[in-house]
Protein chains: 2
Amino acid sequence: MIIAIDAASGEYGPREIVRGAIEAAQEYEVNVALVGNKTILHKCLPTSTRKLNISITEASQVIDFHEHPLDAVRSKPNSSTVVGINLVKEGKADAFVSVGNTGAALCAAFLNLGRIEGVERPALGVIINPTPSAPFLLIDAGANADCRPKHLLQFAHIGSTYTKHVLGINTPRVGLLTNGTEDTKGNRLIQETHKLLRNSTLKFIGNIEGIDIAQGTADVIITDGHTGNVVLKTIEGLGESFVMLRQQLGHSIDNALYLRGRDVLADISLNDLVNGMDYREHGGGCLLIQTH
Amino acid sequence: MIIAIDAASGEYGPREIVRGAIEAAQEYEVNVALVGNKTILHKCLPTSTRKLNISITEASQVIDFHEHPLDAVRSKPNSSTVVGINLVKEGKADAFVSVGNTGAALCAAFLNLGRIEGVERPALGVIINPTPSAPFLLIDAGANADCRPKHLLQFAHIGSTYTKHVLGINTPRVGLLTNGTEDTKGNRLIQETHKLLRNSTLKFIGNIEGIDIAQGTADVIITDGHTGNVVLKTIEGLGESFVMLRQQLGHSIDNALYLRGRDVLADISLNDLVNGMDYREHGGGCLLIQTH
């Protein structure tokens, strides 16, 4: 599998991205195609990495965070974002990863890759594991602020397929996120979507509430991009508080766990919980737009 | 101040409610008007409480959780819910508290108390304190799944007034919960509401994201009842996980803090954090419908 990586965008510069790419190439059986300024990227790659499957593709332009996504994609055909997406289009890469302007990545993918047949809009799927329970996919986590019922049905289909292949769950349980578990709950969008999901071929388990998110009730959680983004960032915000607290408490917790010795469960739980809620560990959404 | 309490509804029966009422009468300078079956309530009140300002108002009927709110309110005029609301209407009580069927309480209030002038819909306001930062009001937390921009503006007005009087914040900062801080973010509802809030007399600080919830950025957080309810229950669900973990870790954390001795900050933080996220400590929403 070849993963194209936008090595020109992002907050921390090419060096950090290349470090991550090297780790990925060492740990997993993937070929990495770095996209960016060849001269800079060559300098970032130590000679010790020559045996790894890392290639470099030239991209002379960069799209900044503040740029208007569509305008930037159109005016910068040699940007790392557009060049990277085109590697996927040409079959030279299987996926494209970017920590740059999300909107630009979305536009470039939308314009150059096209959409999955039957799916009118791409959606942002994010795998979350806020507690030691099983991870789940939240979709849409922010790509579409206004949705129609058919869009949510389509998200459920692409989310289920993704969850099946990436999390290895054969028949993912699909839950519809709303303000109550009864079939009649929700706003108009949710009520209409509920009917569509009920009549679909998916394993629809019905409406779920915010309280179910931490319980591992569903493998795929369906929501519009507005609610989904608010929920995602609420979890991130609470996670941040706990990570800070973890740092504040420092070794005292480790000491406590050492004192109890055998209580491995508690040890694992706390660390899992804190790491699970730390979006720096689990950050990154997957723009589900096109498969080969 | 006289608080009418629905002593007939709820999951735990009259005895638990009366226990809470006694505590309230002892701790705060309030008169309590218990509403329910007189015989049963007399039995729940120990003779030692005769000196407290607790009265009993007869209500021979009870509305169950599974009943359709509007039908139940209409067919049960002697229910504790309707009788309690009527005490407020007649000026015999200043507020009504119920742990019963929320929809029924909403209907009874809507039908018998009417609405605040200029406010077309009642909203559910919930004070949340998920972290050691300042508490804030989330409104609407679930009364209106579908809203229009003018409703959200009205919620901002009643929420600000409530926060001013209850939390003692003179000019509460009002934030609009959405998927980004830029003015152009949000779905159509949020974008229109943003303009209304911008032109209002309120202290509107702009759009806020889910990540801001835990940071104490705003005193009043405006959202539609669907998103608000999902967020509220997401916080509750994560809180529940932490409360369970706290119990699991048990004394080991206390031991750890004892070892560190002087690190009072960490101690306070953990307990505040866990208690702050435990909805059994802070549960209950306020249906903002009518003032006298």
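This dialogue explains how to read several features of a predicted model.

Colleague: Which conventions apply here?

Modeller: Residues are numbered from 1 along each chain as its sequence is written, and chains are lettered from A and ligands numbered from 1 in the order in which they are written.

Colleague: How many helices and strands does chain A have?

Modeller: Helices (H or I, at least four residues) and strands (E, at least two) are DSSP runs, numbered from the N terminus. Chain A has 11 helices and 10 strands.

Colleague: How is a sheet read, and what is the strand order in the open sheet of chain B?

Modeller: Strands of a sheet pair through backbone hydrogen bonds, either parallel or antiparallel. Two strands count as paired if DSSP finds at least two bridges between them. In chain B, an open sheet of 4 strands has the order E3-E2-E1-E4, with parallel pairing. Strand E3 (54-58) and strand E4 (95-97) of chain B are the edge strands, each pairing on one side only. Strands E1 (residues 2-6) and E2 (residues 31-36) of chain B pair in the parallel sense over 5 bridges, and B:Ile3 stands opposite B:Val32 in E2(B).

Colleague: How is the packing of two helices described, and at what angle do H4 and H5 of chain A pack?

Modeller: Two packed helices are described by the angle between their axes and the distance between the axes. Axes are lines fitted to C-alpha atoms, for helices over the stretch in contact, and angles run from 0 to 180 degrees between N-to-C directions. Helix H4 (residues 80-89) and helix H5 (residues 102-112) of chain A pack at an angle of about 40°, with their axes 9 Å apart. H4(A) is therefore oblique to H5(A); angles under 35 degrees count as roughly parallel, over 145 as roughly antiparallel, 65 to 115 as roughly perpendicular and the rest as oblique.

Colleague: Which residues have the most contacts inside the largest nonpolar core?

Modeller: A nonpolar core is a set of buried Ala, Val, Leu, Ile, Met, Phe, Trp, Tyr and Cys residues joined through side-chain atoms within 4.5 Å. Buried means under 20% relative accessible area, exposed over 50%, partly exposed in between (1.4 Å probe, protein chains only). The largest such core has 34 residues, and A:Ile221 and B:Ile221 have the most contacts inside it. In chain A, buried residues make up 51% of the 292 residues.

Notes:
This is a predicted model: local features need pLDDT of at least 70, side-chain atom pairs count only at pLDDT 80 or more; totals for chains, interfaces and linings use all residues. Side-chain values use heavy atoms; hydrogens and water are left out.
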